[in-house]
Amino acid sequence: MRHTIITILTLFAAMGTWAQGSGLMPIRTSVRQTAVSGHDDMVDITVTFDIAEGWHVYGPDNDGGPTPMTFHLETAEGVATAGAITLSPAPTRQDDPIFGCEVTYVEHRATASQRLRLTGNGAWHAQGYIEYGACNDEACLPPTPVEFDFKVAATTASAPVKASPEAEKPQEATPHDMPDAHTEEAVSESGAAREAGALWTPVIAELHALDADTATNERSLWAIFLLGMAGGLIALLTPCVWPIIPMTVSFFLKRSKDARREGLRDAMLYGLSIIVIYVGLGLMVTLIWGPSSLNALSTNAVFNLFLFALLVVFAASFLGGFELTLPSSWSTRLDAKASQTSGLLSIFFMAATLVLVSFSCTGPIIGLLLVDMVTSGSVVAPTIGMLGFAIALAAPFTLFALFPTWLKSLPKSGGWMNVIKVVLGLVELAFALKFLSVADLAYGWRLLDRETFLCLWILIFALMGFYLLGWIRLPHDEDEYDDEGNIIVRPRIGVPRFLGALCVLAFALYMVPGLWGAPCKAVSAFAPPMWTQDFTLDEHSVEAVYTDYDEGMAAAQRSGKPVMLDFTGFGCVNCRKMEAAVWPDSRVRRHMTEDYVLISLYVDDKTPLASPVEVTEADGTTRRLRTVGDRWSYLQRTKFGAQTQPFYVLLDHEARPLAASYSYNEDIDRFCHWLESGLKRFNHPK
């Protein structure tokens, strides 16, 4: 289990995610069905893969490694699967050091066949998809479906089995043919029928010409870097790292005759090696996911359930339930390498040994940071965050080598380090609920509404305050004794710990009014949206009347108002921040409720469509949209050329942009000016 946890940390992409990217695909596919010679009751569904140079498509028997190839039969009338998927040519088997297991894959050109057994009188209908995963040396594709739909009428016993003409090529739909989940046309003010497809016409070039704002990305990267540094500073204070600092620096200063100069050099190289290792981890995560998958991860319900479970495991470890450790053979082997080698390589192996030995404390912190960075949607966020983490973690080794007398002023190790671990464990438990909330909202379970979420957070932070006051003890807390050797049941606490308890308990009390609808802006990014609250006294919230694009556009045409289109997600942190920090402002609220028709489209809504719809992406690939969220995500990609949330667009009645798109930026004046500029252009078109 421990080995599995660390593998998961660096290879989240091995979990099933449904990415919604665009761009040129390195894998081209075609699908057909053929009769099996000598077996009138058998038919093969065969996918042909044309694979770009350097890419691998993985086979069906990859357990615990990359995404395996799987066969999904959604409609099975008169057929049943017979056996497993077979690949031709025979797949290559190889031990993959990244995945840590044996993998099978095919390259260049290959076919995958699934045999079906006919169970009826010759008439049959098979519809579904074959899903596969693919990687090269730098990146991986998300699990990708290859759709098929074959229907054959009854045949005589001697007639060969073949596809009907309609089944030779799956039917495709363009954006202009997109059906609505509720209605197939929008009605204008005069009541005449209006072709809904015109509302899906791409306006990417027009939107780009309006100079959409991109400044917020730069600020978010700085925030991610500082977040990584904060994580590194916290990791320094854990019992797995803090005691190692003086021992390591002293070792470097004493390892040679010219201790001062060479010890300083070695300590600097040691710190640089730590930075290289952690930045390499962030870069690996970036390359594995790729830019098209990061945004999908942030809103994918299955992935968020996995993150919830992962953070609960980390929290239990910090709280003293068990200790996460890597196989001892890893650190032993690296330690031996460090002893056998010399120079820079020896120092690098020593740094790698520190990384492994300290994993029980740094692993949960790194995991929490990577989770936040990956779900931010920025492709470079994991690398930037790990750079900040590594700099903060490595800096003391260099600084104490420069100024060795500072070592004497270091506080001694003690129970205060366990206090930090417990506090971090409770923080991770609180963050775990956020990811459970994403899945809960996406699937409509309604298990974790806003007041339930706030109740749990209030309890978690109240317990944190009680722990800091010494009212609660956990397994790793050491007993303290008085002068007579008696155990002190409730020991005295220091001023810093008391002030920490005061702040935490005040934060818990701050959230209490949220149970009755108070906005609680400090936690709005994590709590479920206000509309999940069963009871609220807040009369200033802004909520969309329409959550369907075509229906909302029709309402705007009837009312004569422009549209504010809000692409959002149940798991979108920045969406909640905007809704709590910007939308309630009196000027913003007036514009949004009186001057615009607000349409909110949730790209992670898992409500199934009445029937799946096949669409053609910009790169020519065919994709099947199965949920309402798939539909809105497709609209955002094809019409506006964007994938991130929040993403706001102001539209006229022809679905043409009135202003530049707007993303996450809590500047109320700027947001208000943006709304006013769109309104001005709508009322006075050029």
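The accessible surface of the protein amounts to about 31300 Å², and 59% of it belongs to carbon and sulfur atoms (Shrake-Rupley method, 1.4 Å probe). This is a predicted model, in which local features need pLDDT of at least 70 and side-chain atom pairs count only at pLDDT 80 or more, while totals for chains, interfaces and linings use all residues. Residues are numbered from 1 along each chain as its sequence is written, and side-chain values use heavy atoms, with hydrogens and water left out.

**Overall**
- Of the 686 residues, 51% count as buried (under 20% relative accessible area; exposed is over 50%, partly exposed in between, 1.4 Å probe, protein chains only).
- The protein has 19 helices and 21 strands, taken as DSSP runs (H or I, at least four residues; E, at least two).

**Helices α13 and α14**
- The axes of α13 (residues 450–468) and α14 (residues 495–511) come within 8 Å and cross at roughly 165 degrees, the axes being lines fitted to C-alpha atoms over the stretch in contact, with angles from 0 to 180 degrees between N-to-C directions.
- That makes α13 roughly antiparallel to α14 (angles over 145 degrees).

**Backbone features**
- A cis peptide bond, with omega about 0 degrees, joins S88 and P89, and P89 lies in the loop between β6 (86–88) and β7 (92–96).
- H108, in the loop between β8 (101–106) and β9 (109–118), has a positive phi near 60 degrees without being a glycine, and counts as partly exposed at 44% relative accessibility.
- A655, also not a glycine, has a positive phi of about 65 degrees and is buried, with a relative accessible area of 0%.

Technical notes:
Angles under 35 degrees count as roughly parallel, over 145 as roughly antiparallel, 65 to 115 as roughly perpendicular and the rest as oblique.
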